[in-house]
Amino acid sequence: MLSHLSIRDIVLIERLDLGFERGLSVLTGETGAGKSILLDSLSLALGARGDGGLVRQGAERGQVTAVFDVPLDHPARLLLRDNGFDDDGDLIFRRRQNADGRTKVFINDQPASVSLMRQAGQLLVEIHGQHDDRALVEPDAHRQLLDAFGGLQSASSDVSELYAWWRKSAKNAANHRARVEEAAREADYLRDSVAELDVLSPIDGEEEELAEQRARMMRAEKIAADINEANDMLSGHASPVPVLSSLLRKLERKSAEVPGLLDEIITTLDGALHQLSDAQMATETAIREAEYDPRELEDCEERLFALRAASRKYSVPVSELPALAARMVANLAALDAGEEQMAVLDGIVAEAEAAYGAAARALSIRRHETATMLADAVMAELPALKLEQAEFIVQIETDESHSGPDGIDQIAFHVRTNPGTRAGPILKVASGGELSRFLLALKVALADRGSAPTLVFDEIDTGVGGAVADAIGQRLKRLSGKVQVLSVTHAPQVAARASTHMLIAKASDGGATLTTRVSMMDINSRQEEIARMLAGASVTEEARAAAGRLLSENL
């Protein structure tokens, strides 16, 4: 319920703090006193469109704070939790409106968006008037109200879940069928490609290894002639080794004749011969290592050519050929297994569709039964509201070919205001006064089902006579036993039934400026205000007496 409303600098309201109780609260006052300002302020705190023109003249900004006391499992709390808001304690909605048009929103002192405030506000308060049609304009609202009246929300939720499963299953099957059909169109190409790649058998990293091997063999080919020439110089006919060996032996024989003279020469020549011998062995080793089979180079080049040709053909790098081959094999396998899998998926779709259809049909049967009960409940309220000739109809069109997440029913509230006339949508057929009374009857029939915890009725008794006003008061009082009801009224019969009565009036601030004030009324001031509502500008003793009787009958 709405427990507190605080308004600062909005239109004619400078400073106002109101506390609200459960039950029926009424707001009365002369025309132009500011009742609409109070409702506009509440609407602003519920996410209505902001406007710099709402700010009191001379002020930079206005502010409205609405405090709500609702159970911990209320949908508004769940919505705020889902959006990361702390919802411990009361829910505090604060809207700051600047004169330049800018606006700021806070929920539980955390910055929020206007859209979130509006979403949560719709779960907390409903504001209805003669020209207000939010509860009656959308067919979705009609369906929700019917489901709420019949306690069908759980069944409706099950239907939505089954519909989602059915559509998801159908989408999975369609996607798989598309893949199978695409694979079938490419089946011959796939089989040829798989066979070709199977023969080629590309290996990860093979291109780099072959390229390095080919480069090594080509480098060896280039230097083989130089190595052979070096080998001929060291080991062939022109080798200096025999000459140097003969010279070394001669010097060794002569060294005894001239001791010490030839020792250095002999040592140097001996070392040179050993180094030449090492060089001979090194060149021989190099020759062996540089040797390659020309056929090996040819095979290497042919392999590289085949890999790169396949790379161009399939438009992928050589390194991705193994993965491509694996994908093509998998696609063929999917093609081969596709029909079997397709049958499985089609079976799931059929199962989901059947489950949805059964649940939707069962829900439709219950909706048709509930529609009759709701229509009867609303019709029972109409005679007292001087709509005894009217007929309220819950029209349901059931069409399984137009199934959806809400089932197979299209639901709309129709009325016939006079016998013999054509029934039609409630918004098109009912006048403003009739619409408000139909709405009240509907709300009374629904009681606290499908309703926000706070209902605000804005002058729905305008233009009705005493008996109808009394009937409206009776129903507002009865409704207030289930939900909190706030009513802006000009009808003394409604005001007399309230548990809380607030008077809205304009007062001077000591200068030329008028401000809107709201005062809580005791039993004596209530009698005087109801007498004014009965008598008009001049309150007579008869009016006071009639007001006293009204109050005594309803307190």
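1. Lys-254 is partly exposed, because its relative accessibility of 46% falls between the limits of 20% for buried and 50% for exposed. Lys-254 belongs to helix α8, which covers residues 241-254. Together with Arg-249, Lys-250 and Arg-253, Lys-254 makes up a patch of positive charge on the surface. Please bear in mind here and below that the model is predicted.

2. Glu-302 sits in helix α10. With a relative accessibility of 47%, Glu-302 is classed as partly exposed.

3. On overall form, the protein chain has a radius of gyration of 48 Å, whereas a compact globule of 555 residues would have one near 24 Å. The C-alpha trace extends about 170 × 65 × 35 Å along its principal axes. The chain holds 17 helices and 15 strands. Of its 555 residues, 43% are counted as buried.

4. Helix α1, residues 35-45, is mostly covered, with eight of its 11 residues buried. Among the buried residues of α1 are Ile-37, Leu-38, Leu-39, Leu-42 and Leu-44. Lys-35 and Ser-41 are also on the buried list for α1. Just after α1 comes Gly-47, which has a positive phi of about 100°.

5. Now the salt bridges. Side chains of opposite charge can pair when their charged atoms come close. How many salt bridges does a search of the whole structure find? The count is 23.

6. One of the salt bridges joins Arg-367 to Asp-147, with 3.0 Å between the closest N and O atoms. This pair links distant parts of the chain: Arg-367 is in helix α11 and Asp-147 is in helix α4 (residues 139-150), 220 residues apart. Are Arg-367 and Asp-147 buried or exposed? Both Arg-367 and Asp-147 are buried.

7. The pair in point 6 belongs to a wider set. Arg-367 and Asp-147 are linked with Arg-143, Asp-406 and Asp-409 in a network of salt bridges.

8. Another salt bridge is formed by the side chains of Arg-102 and Asp-100, at 2.8 Å from N to O. Here Arg-102 and Asp-100 are both exposed, whereas Arg-367 and Asp-147 are both buried.

9. Within helix α17 (residues 541-554), Glu-541 and Arg-544 lie three residues apart, about one turn of the helix. Their side chains meet in a salt bridge at 3.0 Å, N to O. Glu-541 is exposed, because its relative accessible area of 55% is over the limit of 50%. Arg-544 has a relative accessibility of 23% and is classed as partly exposed.

10. Ser-315 has a positive phi, near 55°. Where is Ser-315 placed? Ser-315 is in the loop between α10 (294-314) and α11 (321-381). A relative accessible area of 64% makes Ser-315 exposed.

11. Glu-459 is the second case for this heading. Its phi is positive as well, at about 55°, although Glu-459 is not a glycine. Glu-459 lies in the loop that runs between β12 (454-458) and α14 (466-479). Its relative accessibility is 24%, so Glu-459 counts as partly exposed.

12. Last, a strand residue. Pro-111 is part of strand β7, residues 110-112. Pro-111 is exposed, with 64% relative accessible area. From Pro-111 to Arg-94 the distance is 9.5 Å, C-alpha to C-alpha, and the two are 17 residues apart in sequence.

Note on methods:
Residues numbered from 1 in each chain as written. Predicted model: local features only at pLDDT ≥ 70, side-chain atom pairs only at ≥ 80, totals over all residues. Heavy atoms only, no water. Helix = DSSP H or I, 4+ residues; strand = E, 2+ residues; numbered from the N terminus. Buried < 20%, exposed > 50% of the residue type's maximum accessible area, 1.4 Å probe, protein only. Patch = residues over 30% accessible without salt bridge, like charges linked within 9 Å, V, L, I, M, F, W, Y side chains within 5 Å. Areas by Shrake-Rupley, 256 points an atom, 1.4 Å probe, with all protein chains shown as cover. Salt bridge = Lys/Arg side-chain N within 4 Å of Asp/Glu carboxyl O. Lys, Arg positive; Asp, Glu negative; His and termini not counted. Charge placed at Lys NZ, Arg CZ, Asp CG, Glu CD. Rg over C-alpha atoms; globule rule 2.2 N^0.38 Å.
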